[in-house]
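I opened this notebook to keep track of what I looked up, one topic at a time.

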Amino acid sequence: MAATCAISGVVPDEPVFSKTGYLFEKRLIEKHIKSTGTCPVTNEPLSLDDLISLKSNKAVQPRPPSATSIPQILQLLMNEYDASTLETYALKQHVDSLRQEVAHLLYQQDASSRVIARLIKERDFARAALGEAQNNMASVLSRGGVAIPAGGEPGEAAGDDVGISEQVTKKMADTSKELSQNRRKRVKQLAGQVVSSEKLTDYTVTANHPLHSSSQPGILCLDIHPADQSLVLTGGNDSNAILFHRVSGKILDTLKHHKKKVVDVQFHHSDRILFTASHDNTAAVWTTQSDGKFEVQHVLRSHTAPIVGLTLHPSGSYLVSASQDKSWCFWDVATGVCRQRVLDEKINAAYTRAQFHPDGLILGVSVDDASVRIFDYKNPKPVATFKGHNSKVTGLSFSENGYFLATGDDSGMVKLWDLRKLTNFHTITSGDLTSISNLTFDESGTYLAVAGSDVRTYTSKDWSVVQTWKDHKDEVTDVVFGRDAEFFATTSKDRTLKIFS
């Protein structure tokens with residue numbers, strides 16, 4: 001049997017014998033011992049002192065029989081190439097594994113940085129809110145009243161700022177009396193001025209405006225100024241509200257205050273006042289400054305969960321906000337004081353929308369339990385409950401005639417209610433309308449517009465479809481008629497404000 005090296009498998013030039021009983025090439029075994037300190041065959045501890053040099057013939061060693069022919073030499077080269085290829089593949093796998101580990105570590109580091117930044121931002125916001133609340137409390141106390149703190153209960157008031165006082169009641173009653181006396185004449189006049197259904201059928205997109213941030217796309221709500229119909233107010237996913245001039249196509253002001261998405265906006269009927277509501281649990285009252293820009297005058301903080309809707313009383317002096325905390329608040333617009341917070345223990349679901357009746361004496365609130373509650377402002381308990389929807393009610397609108405209420409849910413169902421009989425007198429369903437975001441009557445009550453998977457209008461004569469528009473690329477979030485239905489505006493999660501006329 002040939003004396004070959006246990007490592008290389010060939011006859012060694014300088015053979016050495018180890019205590020483990022194996023023969024090695026001296027240079028190979030010395031390198032192995034220096035790197036591992038063990039025998040390469042038995043893995044037993046081995047040192048250089050354990051090697052015994054053997055005398056050997058210094059003559060040139062002949063090639064082994066396996067390397068004496070061209071085919072055998074090619075085979076040896078092929079074996080070496082295969083071994084190199086396998087080793088390269090193993091190294092690549094190891095490199096890929098290391099890359100994945102590095103990417104995972106970088107992702108963890110980035111996520112940690114984002115969490116730290118968010119916590120710092122929330123801390124700063126909480127500090128600012130606390131300071132503002134302290135300032136507001138000091139201001140209210142100086143006037144002799146106490147506003148309801150967020151999540152708290154009404155405090156004792158020495159003045160007339162808190163509660164539905166006789167003065168407030170009288171003002172709302174006088175407003176209702178004035179509006180109801182002239183309602184029939186006014187509605188008849190408006191119905192005579194509104195565009196015909198034939199003309200409405202021919203409406204197309206006449207203006208398309210991408211608004212709000214492209215990094216947080218989506219416009220969630222809008223309103224058109226009752227007097228200056230060129231002004232449009234929108235609220236978006238980017239936590240901002242935008243005052244837009246639809247004729248010139250220019251942004252007049254960007255209202256930056258809220259920390260989360262703005263879900264409802266509204267113009268004041270006559271004064272230069274704007275209202276915004278957000279999922280940061282607050283609403284804001286904005287007033288114009290000397291330079292024409294709007295700034296926050298009051299921050300309304302009484303809710304403990306996201307606000308979902310705002311509605312302005314016809315007198316323009318009072319505002320109601322509805323929230324997912326199952327309460328609605330009655331605010332004084334001039335002072336920003338919460339006069340009354342209504343929380344009904346029998347309502348176990350969050351509110352989704354709110355709107356005053358055109359007379360201003362009752363308030364309609366839609367609920368996440370597929371119902372609609374009607375409140376009398378003098379009575380914190382619901383005076384009527386409408387049930388019939390199969391899913392969350394996402395929109396409600398009173399007709400200007402004062403008799404009808406329209407409600408829609410996120411399954412695409414629209415119900416019409418008679419407020420005189422407190423009954424559902426008509427239901428609209430359509431297989432291609434799969435969801436509803438909001439709905440609204442025009443000023444005369446002639447047409448009902450529904451926003452959802454598309455935009456469609458119905459006539460109040462027989463509640464048939466006038467026309468359907470599918471111009472938006474994503475869910476339509478809101479729709480509002482212009483005066484006499486000469487145009488209407490829509491917003492969508494595709495980040496566009498569209499004008500149809």
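I began with Asp50 and found that this residue is partly exposed, with a relative accessible area of 22%. The model I am reading is a predicted one. Asp50 forms a salt bridge with Lys19, and the closest N and O atoms of the pair are 3.7 Å apart. I then looked up where the two partners sit: Asp50 is in the loop between helix 1 and strand 3, while Lys19 is in the loop between strand 1 (15–17) and strand 2 (23–25), so the bridge ties together parts that are 31 residues apart in sequence. Lys19 itself counts as exposed, at 58% relative accessibility.

Next I went through other salt bridges, of which the structure holds 14. Which residue does Arg339 pair with? Its partner is Asp332, with the closest N and O atoms 3.2 Å apart. I noted that Arg339 is buried at a relative accessible area of 8%, and that Asp332 is buried as well, at 11%. Asp124 and Arg123 form another salt bridge, with their closest N and O atoms 3.0 Å apart; here Asp124 is partly exposed at 36%, and Arg123 is partly exposed at 41%. I also wrote down a network of salt bridges that links Asp432, Asp454, Arg456 and Lys470.

For Tyr351 I looked up the contacts, leaving aside residues up to four places away in sequence, and found among them Val308, Trp328, Val365 and Phe375.

On the surface I found a nonpolar patch formed by Ile70, Ile73, Leu74 and Leu77, with about 390 Å² of accessible area together. Leu74, which is found in helix 2 (residues 70–143), is exposed, with a relative accessible area of 52%.

Last, I checked backbone angles. Asn43, in the loop between helix 1 (26–36) and strand 3 (52–53), has a phi near 65 degrees, a positive value in a residue other than glycine, and counts as exposed at 59% relative accessibility. Leu422 has a positive phi too, near 55 degrees; this residue lies in the loop between strand 23 (414–418) and strand 24 (423–428) and is partly exposed at 46%.

Technical notes:
Residues are numbered from 1 along each chain as its sequence is written. This is a predicted model: local features need pLDDT of at least 70, side-chain atom pairs count only at pLDDT 80 or more; totals for chains, interfaces and linings use all residues. Side-chain values use heavy atoms; hydrogens and water are left out. Patches are made of residues with over 30% relative accessible area and no salt bridge: like charges are joined within 9 Å, nonpolar side chains (Val, Leu, Ile, Met, Phe, Trp, Tyr) within 5 Å. Accessible areas come from the Shrake-Rupley method with a 1.4 Å probe; for residues, only the protein chains shown count as cover. A salt bridge is a side-chain nitrogen of Lys or Arg within 4 Å of a carboxyl oxygen of Asp or Glu. Helices (H or I, at least four residues) and strands (E, at least two) are DSSP runs, numbered from the N terminus. Buried means under 20% relative accessible area, exposed over 50%, partly exposed in between (1.4 Å probe, protein chains only). Contact means heavy atoms within 4.5 Å.
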